[in-house]
Amino acid sequence: MNHLSIRWLRAIATFLLCIGLCLHSPLPTLALTESPVYQTRPASRDGIGKVYLGREIAQVMGHLGAGWLERPSREVEEQPQVLIDRLNLNPTDVVADIGAGTGYFSFRIAPLVPQGKVLAVDIQPEMLEILDALKQENQITNVEPILGRETDPHLPPNSVDLALFVDAYHEFTYPQEMMQAIVQALKPSGRVILVEYRGENPFVPIKKLHKMTQKQVKKELATVGLTWQETQGFLPQQHVMIFGKDDQSARS
């Protein structure tokens, strides 16, 4: 065997030895302890199989369910006008109605902010088409439809006095990313109000994944820099949970 062949064999042996050492070296501690934000599991009947902080995310109600949002019985079942009257809005406020759907809340809030506006955000173009048609029909000028994405509501930074979520948050496919974007859009004194069916109450006649407990909501929103301020219980079936920016988020 000539000298050139010997050098090649030594080089190959060294290379294989390096591979062996790498394969048998312990993994860094970070790789062992780090876990993703979301997990997956087989989807339940009303879920998408994606889990966030122990909660399976619910399926989104599509635009074909728009009629349910506008059902006449909603006023009695949920008392939405009572909620609107308790929002403590100023005439100049900018309100983001997140998951606005057909604009059920957007159009009812609009008269209360005559010098402000309502940013009606939804990720379904079909919903916004319905909303825009109703806007034109009723000649409402201070409701602005915004097509968001699953991770981004497309709101300007530091622009929103109140971000309102009515029976919407539990369906967000990327709740952490969406709420991080909401925090950026809030003014330093801005509020987030989540209205969700009470997950603690088995007698609320709503599917399990479309309800949320206070404990779960607080846990999830704390991860993005939102501080729970109070929960109001004046609605028949839903929590009204109010959050503000924590000190660090307000300074950013």
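The largest nonpolar core here has 31 residues, a nonpolar core being a set of buried Ala, Val, Leu, Ile, Met, Phe, Trp, Tyr and Cys residues joined through side-chain atoms within 4.5 Å. Buried means under 20% relative accessible area (1.4 Å probe, protein chains only). Keep in mind that this is a predicted model, where local features need pLDDT of at least 70, side-chain atom pairs count only at pLDDT 80 or more, and totals for chains, interfaces and linings use all residues. Residues are numbered from 1 along each chain as its sequence is written, and side-chain values use heavy atoms, leaving out hydrogens and water.

**The cores**
- Among the residues with the most contacts inside the largest core are Leu 155, Phe 165, Met 179 and Val 192.
- Helix H8 gives this core its largest share, five residues; helices (H or I, at least four residues) and strands (E, at least two) are DSSP runs, numbered from the N terminus.
- Looking past neighbours within four places in sequence, Val 192 is in contact (heavy atoms within 4.5 Å) with residues including Phe 165, Met 179, Ile 182 and Leu 221.

**Helix H8**
- H8 covers residues 175–185 and lies across E1, E2 and E3.
- Eight of its 11 residues are buried, including Met 178, Met 179, Ile 182 and Val 183.

**The three-stranded sheet**
- This open sheet runs E1-E2-E3 with antiparallel pairing; two strands pair if DSSP finds at least two bridges between them.
- E1 (38–40) and E3 (55–58) are the edge strands, each with a single partner, so one side of each has no neighbour in the sheet.
- Three bridges join E2 (residues 47–52) to E3, and Gly 47 sits opposite Ala 58 in E3.

Notes:
Axes are lines fitted to C-alpha atoms, for helices over the stretch in contact, and angles run from 0 to 180 degrees between N-to-C directions. Buried means under 20% relative accessible area, exposed over 50%, partly exposed in between (1.4 Å probe, protein chains only).
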